[in-house]
Amino acid sequence: MIPQRGCYTKHMFGFRGKHDVVTDPRRIGEVLTRGVENVIPRELALKKLSSGEQLRVYFGIDPNSAKLHLGHTVPLRKLKQFSELGHHIIFVVGSFTAMIGDPTDRDAERTQLSREEVRENFKGYRRQAEKVLDFSRVEVRYNHEWLDTVDFEKIVSLASKFTVQQMLQRDMFERRMRDGKPIRLHEFLYPLMVGYDSVVLDVDAELGGSDQEFNMLAGRHLQAAFGGRDKFVLTTRLIEGTDGRKMSKSFGNCVYITDTPTQMFGKLMSMRDNLVPIYLDVCTDFSAPRQEEILALHPKEAKMALAGEIVRMYHGEDGTRRAKEDFIKTFSEGNIPEGIQELRVPRGVTLANVLVGNGVVESKSEFRRLVKQRAIHNTDADSPITDDSHSIQEPLTLKVGKRRFVRIVPE
RNA sequence: GCGUCGGUGGCAGAGUGGUCAAUUGCACUUGGCUGUAAACCAAGCGCCUUCGGGCUACGUAGGUUCGAAUCCUACCCGGCGCACCA
């Protein structure tokens with residue numbers, strides 16, 4: 001069953017005394033700066049956090065089934081810090097908003113998800129997010145609980161709190177106006193809906209990626225308009241993917257927290273040097289002095305330290321050691337890594353069919369190209385495959401391009 | 001509703017009857033160099049191929065033509081302008 005309003009009660013969460021809330025100015029200072037893009041308004045945040053009151057801190061997520069990457073962990077880690085200060089974390093799953101799709105992410109699939117799918121997706125999300133945040137101390141809500149029953153009268157009342165000009169100020173809309181790209185009316189509704197979440201939950205603070213700033217501020221505006229608390233908004237920094245572009249599934253530049261230690265280590269090592277400082281600051285708990293020490297090392301050593309720490313956070317010491325050994329063996333020494341993909345095939349089939357059939361190579365044309373470029377290397381004989389009609393007679397270990405390895409065994 | 005401009009490969013954006021599987025840039029792949037980084041250099045970048053070529057593709061469906069991404073018609077979608085705002 002989907003948790004209904006009331007499933008989570010004050011008995012389960014809650015009312016800690018003042019003495020449970022940490023008000024150490026130094027820690028508050030760190031929470032409000034590290035990995036933080038913006039705090040609006042900063043004075044309000046300081047005042048609330050110093051008051052000793054337990055704050056209601058809201059974080060909303062889209063209920064897609066995607067794997068979590070390091071970028072997703074940034075706000076999660078920030079939530080954890082708030083939780084450690086003794087504040088109450090409310091996780092809102094966008095079970096209703098899923099039907100609209102956030103215009104911020106214009107690639108987002110607009111497929112309507114059923115409530116059941118949303119719930120399933122959240123399970124997967126939670127399983128991953130638990131590597132960062134302790135969910136036993138988190139209140140989880142689904143926003144269809146209150147958005148389902150919103151009628152047109154309510155929508156009008158919400159919409160009347162904004163002017164069209166305010167909506168158009170959003171840089172994304174501004175840009176699309178300028179570029180002559182369409183803006184659909186319902187896209188204005190999205191900030192209203194997620195803003196209404198914070199009205200209903202009457203929160204003290206909202207966290208999100210800096211791409212959510214507009215939506216969160218809309219919520220702040222609505223909460224004030226409906227006589228709620230004065231909330232502050234904290235946006236976390238967005239980290240670039242390993243190639244320096246926006247971290248995005250479609251660019252293939254994400255480090256997923258479900259990646260194996262070896263994958264994770266390898267991806268982090270191949271990232272651009274200039275990203276090391278931000279990753280250190282945002283994705284690890286290294287203190288500022290420790291970060292300085294690391295950055296003073298040879299760039300490769302610095303990256304090793306960073307990669308090692310991040311892998312350790314998600315896979316522990318053992319995984320890290322193995323990943324590091326694998327990396328050194330494969331790339332520093334040019335050997336073959338452990339546990340490569342092994343394909344059992346009938347004797348005599350062509351290599352082209354094997355590689356294309358198993359998705360190692362995309363098409364036969366691609367295969368021919370790779371052969372021509374001497375990119376398919378027989379590591380047993382230490383020579384490239386030069387015959388594009390090569391057929392499999394003997395077991396064969398291949399290196400395709402820089403990092404694809406496959407062992408083929410005829411039977 | 002009327003007018004007008006437009007819809008091309010992952011993206012941007014050329015091309016306006018044959019020499020177009022489609023200039024160019026970005027992204028991507030591969031080789032070189034390296035620290036599996038960046039930068040740089042070089043090659044490649046729809047699918048199939050017996051390497052001759054074949055097939056599919058420029059919003060959708062038809063049509064004109066020996067030949068269409070390019071011309072015509074209808075439809076769908078979008079931008080802008082005008083009208084509407086009882």
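Trainee: How do E2 and E5 run, parallel or antiparallel?
Mentor: Parallel. Strand E2 (residues 56–61) is joined to strand E5 (residues 205–209) by three bridges. Keep in mind that this is a predicted model.
Trainee: Okay. Which residue does Tyr-58 stand opposite in E5?
Mentor: Glu-206.
Trainee: What order do the strands of that sheet take?
Mentor: E1-E6-E5-E2-E3-E4. It is an open sheet of six strands, and the pairing is mixed.
Trainee: Which strands stand at the edges?
Mentor: Strand E1 (36–40) and strand E4 (138–142). Each has a single partner strand, so one side of each has no neighbour in the sheet. From one strand to the next, the twist averages 20°.
Trainee: Which strands does helix H2 touch?
Mentor: E1 and strand E6 (232–236). Helix H2 covers residues 42–50 and packs on the sheet, with its direction at about 105° to that of E6.
Trainee: Switching to helix pairs. At what angle do H9 and H10 cross?
Mentor: Roughly 55°. The axes of H9 (residues 189–201) and H10 (residues 213–225) come within 7 Å. That angle is why H9 counts as oblique to H10. The crossing is right-handed.
Trainee: Which residues make the contact?
Mentor: On the H9 side they include Tyr-190, Leu-192, Val-194 and Tyr-196. H10 brings Phe-214, Asn-215, Ala-218, Gly-219, Leu-222 and Gln-223. By class, the contact has nine nonpolar, five polar and one charged residues.
Trainee: And how do H12 and H13 cross?
Mentor: At roughly 155°, with the axes coming within 11 Å. H12 is residues 276–283 and H13 is residues 288–295. Angles over 145 degrees count as roughly antiparallel, so H12 is roughly antiparallel to H13. This crossing is right-handed.
Trainee: Which residues are in that contact?
Mentor: Val-276, Pro-277, Leu-280 and Asp-281 come from H12, while Gln-291, Ile-294 and Leu-295 come from H13. They split into five nonpolar, one polar and one charged.
Trainee: There's a five-strand sheet too. What is its order?
Mentor: E7-E11-E10-E8-E9. That sheet is open and its pairing is mixed. Strand E7 (341–345) and strand E9 (383–384) are the edges; each has a single partner strand, so one side is left without a neighbour.
Trainee: How many bridges join E10 to E11?
Mentor: Five. E10 (residues 396–400) and E11 (residues 404–410) run antiparallel. Leu-396 sits opposite Ile-408, and Thr-397 has Arg-407 as its bridge partner.
Trainee: What happens in the hairpin between E10 and E11?
Mentor: Three residues lie between the strands, and Gly-401 takes a positive phi near 65°.
Trainee: And how does E8 pair with E10?
Mentor: In the antiparallel sense, over three bridges. E8 is residues 376–378. Ile-376 has Val-400 of E10 as its bridge partner.

Notes
Residues numbered from 1 in each chain as written. Chains lettered and ligands numbered in written order. Predicted model: local features only at pLDDT ≥ 70, side-chain atom pairs only at ≥ 80, totals over all residues. Pairing = 2+ DSSP bridges. Helix = DSSP H or I, 4+ residues; strand = E, 2+ residues; numbered from the N terminus. Axes fitted to C-alpha atoms, helices over the stretch in contact; angles between N-to-C directions. Parallel < 35°, antiparallel > 145°, perpendicular 65-115°, else oblique. Left-handed = near helix turned anticlockwise from the far one by under 90°. Contact = placed C-beta atoms within 7 Å. Nonpolar A, V, L, I, M, F, W, Y, C, P; charged D, E, K, R; others polar.
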